[in-house]
Amino acid sequence: MDQIMPGEGAFPLETWFWEMPIVTRWWTTATILTSGLVQCRIIGPFQLFYSYNTVFHKAQYWRLLTTFLYFGPISIDLLFQVYFLQRYARLLEESSGRSPAYFSWLLVYAMTSLLLLSPFVSMGFLGHPLSSTLVYIWSRRNPDTLMSFLGVLVFRAPYLPWVLMGISFVLHGTVPRDEIMGVVIGHVWYFFNDVYPPLHGGSRPLDPPMWWRRIFEGRPRDETANGIHNEIAAAGAEVPPPEVR
């Protein structure tokens, strides 16, 4: 393990990379590699976007994932997008605190929701609305955090998604559909994980199922112990009692 973790002489970029939680690290890496492959013309953007026909009629299933990985060619804008993505993904993954299962399940929920909604808004690349989903969830969970835009506009975190929408509208002159999709999907997750449980006896309907948690955590210790006891009991029941003479 010491051979792959940064040491005292590690470069700042290397340290930054290895300090990211594992799901955020792989997502960031895949995003950079995808843009690099496009830049080198090994693959093209038209091989990456999502559409129902290409995925389900032509069996190009990789598009279900690559639509979330491509943010454009290598540029300053891409660096900004990657920084924004990893920052809020990292904050959410670190705050989940229990295991990668919880944050990865959030990504599965958000990605599935975006894939279902994308045909209605004619959006082929879904990385930006996925980032917007994470930004919205983080902003609602940190209501007292102060944010600043260009050192002039100071506001609290819950207003961050709306500030970003306003900036996008001013720069592009169109309604930011990707930001709106992210807010809607993020609000559903926030409601059922932060608002709903205290009102319904702690019920958390969007928590990852046990089979998903086992992928990341293995079988829980108490479940393993109960299984061993049950096996011992079953084995004992199969052994016939000694004859009494």
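I began with residues 146-171, whose end C-alpha atoms lie 24 Å apart; this span is 46% helix and 31% strand. Helices (H or I, at least four residues) and strands (E, at least two) are DSSP runs, numbered from the N terminus. The model is predicted: local features need pLDDT of at least 70, side-chain atom pairs count only at pLDDT 80 or more, and totals for chains, interfaces and linings use all residues. Residues are numbered from 1 along each chain as its sequence is written, and side-chain values use heavy atoms, with hydrogens and water left out.

I then consulted the unreviewed UniProt entry, which annotates residues 61-85, 106-126 and 146-171 as "transmembrane region"; such annotations may be inferred rather than shown by experiment. For residues 106-126, I noted 76% helix and 0% strand, with the end C-alpha atoms 15 Å apart.

I looked up Leu160 separately: its contacts (heavy atoms within 4.5 Å) are Tyr88, Val135, Trp138, Met147 and Phe155, not counting residues up to four places away in sequence.

Finally, I turned to Val184, which lies in helix α9. Val184 counts as partly exposed because its relative accessibility is 47%.

Technical notes. Buried < 20%, exposed > 50% of the residue type's maximum accessible area, 1.4 Å probe, protein only.
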